[in-house]
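Have the 3D view open as you read, and find each residue as it comes up.

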Amino acid sequence: MVKRQVPNPTEILELMKFKKFDPNGKRRRLSGALTVDDLRRIAKRRTPAAAFDYTDGAAEGEFSMTRSVQAFEDVEFHPAILNDVSHVDMTTQILGGSSALPFGIAPTGFTRLMQTEGEIAGAGAAGAAGIPFSLSTLGTTSIEDVKATNPHGRNWFQLYVMRQKEISYGLVERAAASGFDTLMFTVDTPVAGARLRDARNGFSIPPQLSPSTILNAIPRPWWWWDFLTTPKLEFASLSETGGTVGELLNAAMDPSIDYDDLAEIRALWPGKFVVKGVQTVEDAKKLADLGVDGIILSNHGGRQLDRAPVPFHLLPHVAREVGNDVEIILDTGIRNGADIVAALALGADFTLVGRAYLYGLMAGGREGVDRMIEILSDQIERTMKLIQVSSVAELNPSHVTQLSRLERLPAPEFTRSRPAQA
Ligand SMILES: Cc1cc2nc3c(=O)[nH]c(=O)nc-3n(C[C@H](O)[C@H](O)[C@H](O)COP(=O)(O)O)c2cc1C
């Protein structure tokens, strides 16, 4: 028989201790976000559909992106036991310097479109957390302003080679003069990928008002307030404006760039030189032979070629072939600190996050980016403790198995002759 009593009012009062209400709405919103997906949900509520979809979307059927995210979900960790993990060291050495955490912020174009603080929020948060920040050629904050925001931290510059090569080379010189320590040369964008969400939204730079944009703006007044009361949204380093993103990219990018350009750019750059958008083992080997400092395995967050290789699947093959010759950085699909731990275990020296950063930015400006870094950092630390490793260097392939939903069929070997074109 359970013993019963009359409810005691003081006990009831004790149960009714409510969490102290935080009058600061942004802080409340951000502290309630426990994952990057939570930040994404807040971002979606607060950002006009066209800007959110520009960030969240990918090319064509978005298979490159979906598969890359899924690849990280399909991971099995193999924890050790009875190791002392009271202290975990997440510091990582990358490209001649250190990073307090094993990830940095990836380069993203048009960043002030997502939220008006843009790159200033990203560079400031990266500097405060002791991780590298990457500025895109298509950035909306100048090289010098990024440096001023993150004067003692690590700044990396991402280069697109444009038809007017002098413009690109001028940017390389400015980045060097401002003390950026690494140049990342993006090689997966000879033309723009087909971002169908943008086409369907009639998205253009600068944004144009249509009846549906205005309707969509009504529940998002703060974004519009920020947009209209801060300096005009424009490229900091390019003069092109007007048109869809695809039109802009296609007008600006030079589709003829090749290995000669790579050699030329490299000769201009005094710091570390990495190539972003490597998608085969053969290209990784070729670049390692050329002696570049690093390669970034990336399918550009699925925004360029659809049905592209999944970087996380490519990673162990590349690590096996060139892991001792060149530093390997990985991006695309990272939404959780555990994804980063899995990548490090399978041979990545470092990782970059694109959308995770932008979801944080859209959810709460600088504080939102701080929160994103905190969420990923907590997840990395907890995962490392549960796997029972106490430093990044200890992570190795024995800690992870990649499970596969899509298996590659054996490639048939044959040759076929086709009649020559008349
Ligand atoms: C909105 C947006 C803009 C981007 N702009 C650029 C860019 O200007 N240059 C570049 O090399 N990569 C760009 N990227 C790709 C990122 O650098 C990175 O490769 C990608 O976001 C990684 O995938 P994730 O978003 O799943 O983390 C962009 C990505 C997004 C989401």
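How far is a nitrogen atom of the ligand from an N or O atom in the side chain of Tyr-160? The gap is 2.9 Å. Keep in mind that this is a predicted model, so every distance here is computed from it.

| Side chain | Ligand atom | Distance |
|---|---|---|
| Lys-276 | nitrogen | 3.0 Å |
| Arg-335 | oxygen | 2.9 Å |

How much of the ligand does the protein cover? On its own, the ligand has 600 Å² of accessible area, and the protein covers 99% of that. The space the ligand takes up is the largest cavity. Two helices each give two or more residues to the shell around the ligand: H4, which spans 49-56, and H18, which spans 355-387.

Now for the shell itself. It's made of 24 residues, and the closest are Pro-107, Ser-136, Thr-186, Asp-331 and Gly-333. Sort the shell by class and you get 12 polar residues, seven nonpolar ones and five charged ones.

Side chains of opposite charge can pair when their charged atoms come close. This structure holds 18 such salt bridges. One of them joins the side chains of Asp-38 and Arg-41, with 2.5 Å from N to O. Where do Asp-38 and Arg-41 lie? Both are in helix H3, residues 36-46, and they sit three residues apart, which is about one turn of the helix.

Terms used:
Residues are numbered from 1 along each chain as its sequence is written. This is a predicted model: local features need pLDDT of at least 70, side-chain atom pairs count only at pLDDT 80 or more; totals for chains, interfaces and linings use all residues. Side-chain values use heavy atoms; hydrogens and water are left out. A residue is near a molecule or strand if one of its heavy atoms lies within 4 Å of it. A polar contact is a pair of N or O atoms within 3.5 Å; within protein, one must be able to donate a hydrogen and the other to accept it, and residues adjacent in sequence count only if both atoms are side-chain atoms. Accessible areas come from the Shrake-Rupley method with a 1.4 Å probe; for residues, only the protein chains shown count as cover. On a 1 Å grid over the protein atoms alone, a cavity is a set of points where a 1.4 Å probe fits but cannot get out, and a pocket is an open set with protein on both sides within 12 Å along at least five of seven lines; lining residues have an atom within 4 Å of a point. A molecule sits in a cavity or pocket if more than half of its atoms lie within 2 Å of its grid points. Helices (H or I, at least four residues) and strands (E, at least two) are DSSP runs, numbered from the N terminus. Ala, Val, Leu, Ile, Met, Phe, Trp, Tyr, Cys and Pro count as nonpolar, Asp, Glu, Lys and Arg as charged, and the others, Gly among them, as polar. A salt bridge is a side-chain nitrogen of Lys or Arg within 4 Å of a carboxyl oxygen of Asp or Glu.
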